[in-house]
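Let's take a walk through this two-chain model together. Have the structure open beside you and follow along as we go.

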Amino acid sequence: MDSAGTNREVQIIVVDDDQLVRDFAVHTIEYGINRKITTFETGFNAWQFLQKRPDDTDIVIADANIPDMDGIELLKKVKEEFPEKKFVLTTSNPDFETIASKMGADAFLSKPYDVNDLFTIVQQFFAIPARQPNHPESDSLESDS
Amino acid sequence: MLRLGSKPNQSREMDLDDIFLSRLKLLVIMGKSYIEGCPCGRHRRRAMLENARHIESESIDLGGLVTGSAQPTPTWRAMEFDHIFFQRVKLLAVMIKAIGKGFPMGEHRKQAMQENIDIICETITFNNQSDMPFLKVA
């Protein structure tokens, strides 16, 4: 339930220019929450999306090393303009941890990461509400067994 | 701030080996979740199909490595997995694809999948001790 008191599902964007890593993260998170994830290759495109549709994103998972606008700059802009949004910075550079903390990142995900790390993020930040039958990006869960 | 992932002194870019092993773990989780009766939805099924397809295609190269017909491959693939292991991984991928497509699964199929997963987990655990905690909870 959001601040307006209405039921609304958490929405996520993943930003990484490495398709293999991005697809792995997307498939893991999609499996974890049964919801479609929006993806971008560049920080600039992600920022444009956030500006145009600010209500369509609750959590940003972005790599630090992405084209046009790097993850640190994207983190800075997101926290300045949308401080309520959660931001997870992923990187292979451990030096960014201090910077990410200072800039208000909610989580720091050091590469290489694996399924457990992504599921921990899912459990930490994704408060999955009860069934939302009319939501376009999600569907009901049915048991097969 | 939540801190996850590798330790600072082990940070590096993710290569094909990392992706394959992580996707294989995800495949095992998908299989075990299904056996346990966890519910599936449209997006979950799609993720299962995509993940299984990726593993299946990568396992073909891995299998070829054993017979000497593979393309040059990254480092961890030189680990001492045997040919049957890769065939078991491919089999699990096919099983997960079947679930993703909604094909019926009887008790014997579920049992076969459980046994296949157990053997895959044993092999991974033997070859990579760091995966042990994950495999215990998967």
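## The two chains

In chain B, 78% of the contacts with a separation of 6 or more are between residues 24 or more positions apart. This is a predicted model, so please read everything below with that in mind. Chain B has 138 residues, and buried residues make up 33% of them. Its secondary structure comes to 5 helices and 1 strand, and along the sequence these elements follow the pattern β-α-α-α-α-α.

Chain A has 145 residues, of which 40% count as buried. Here we find 5 helices and 5 strands, running β-α-β-α-β-α-β-α-β-α from the N terminus on. For contacts in chain A between residues at least 6 apart in sequence, 63% join residues at least 24 apart.

Which strands make up the open sheet, and in what order? There are 6 strands, ordered β2(A)-β1(A)-β3(A)-β4(A)-β5(A)-β1(B), and their pairing is parallel. The edges are taken by β2 (38-40) of chain A and β1 of chain B; each has a single partner strand, so one side of each is left without a neighbour in the sheet. From one strand to the next, the twist averages 15°.

Two of the pairings are worth a visit. Within chain A, strand β3 (residues 59-63) runs parallel to strand β4 (residues 86-91), and 5 bridges join them; Asp63(A) stands opposite Thr90(A) in β4(A). Between the chains, 4 bridges join β5(A) to strand β1 (residues 2-5) of chain B, again running parallel. In that pairing, Phe108(A) stands opposite Arg3(B) in β1(B).

## Helices lying across the sheet

Now look at the helices set against these strands. α3(A) lies across β3 and β4 of chain A, and it runs at about 170° to β4(A). α5(A) lies across strands of both chains: β3, β4 and β5 of chain A together with β1 of chain B. Relative to β1(B), α5(A) runs at about 155°.

## α2 and α3 of chain A

α3(A) also has a helical partner. Helix α2 (residues 43-52) of chain A and helix α3 (residues 71-81) of chain A have axes 10 Å apart and pack at an angle of about 15°. That angle makes α2(A) roughly parallel to α3(A), and their crossing is right-handed.

From α2(A), the contact involves Gly43(A), Ala46(A), Trp47(A) and Leu50(A), which meet Gly71(A), Glu73(A), Leu74(A), Lys77(A) and Val78(A) in α3(A). These residues divide into 5 nonpolar, 2 polar and 2 charged.

## Where the chains meet

How many residues of each chain are in contact with the other? On the side of chain A there are 38, touching 32 residues of chain B. The elements that give two or more residues to the chain A side are α1, α4 (96-102), β5 (107-110) and α5 (115-125). α1(A) gives the most, with 7 residues. By class, this side of chain A has 15 nonpolar, 13 polar and 10 charged residues.

The α1 helices of the two chains pack against each other. Helix α1 (residues 19-33) of chain A and helix α1 (residues 16-36) of chain B meet at an angle of about 15°, with their axes 11 Å apart. That makes α1(A) roughly parallel to α1(B), and the crossing is left-handed. Leu20(A), Val21(A), Phe24(A), His27(A), Thr28(A) and Tyr31(A) face Ile19(B), Ser22(B), Arg23(B), Leu26(B) and Met30(B) in this contact, which has 7 nonpolar, 3 polar and 1 charged residues.

## α1 and α3 of chain B

On α1(B), Leu24(B), Leu27(B), Met30(B), Gly31(B) and Tyr34(B) meet Val89(B), Leu92(B), Ala93(B), Met95(B), Ile96(B) and Ile99(B) of α3(B). By class, that gives 10 nonpolar, 1 polar and no charged residues. Met30(B) takes part in the contact with α1(A) and also in this one with α3(B).

Terms used. Residues are numbered from 1 along each chain as its sequence is written. Chains are lettered from A and ligands numbered from 1 in the order in which they are written. This is a predicted model: local features need pLDDT of at least 70, side-chain atom pairs count only at pLDDT 80 or more; totals for chains, interfaces and linings use all residues. Axes are lines fitted to C-alpha atoms, for helices over the stretch in contact, and angles run from 0 to 180 degrees between N-to-C directions. Angles under 35 degrees count as roughly parallel, over 145 as roughly antiparallel, 65 to 115 as roughly perpendicular and the rest as oblique. A crossing is left-handed if the near helix is turned anticlockwise from the far one by less than a right angle, and right-handed if clockwise. Two residues are in contact if their C-beta atoms, placed from the backbone, lie within 7 Å. Ala, Val, Leu, Ile, Met, Phe, Trp, Tyr, Cys and Pro count as nonpolar, Asp, Glu, Lys and Arg as charged, and the others, Gly among them, as polar. Two strands pair if DSSP finds at least two bridges between them. A residue is buried if 20 or more other C-beta atoms lie within 10 Å of its own, exposed if 12 or fewer, and partly exposed in between; C-beta atoms are placed from the backbone.
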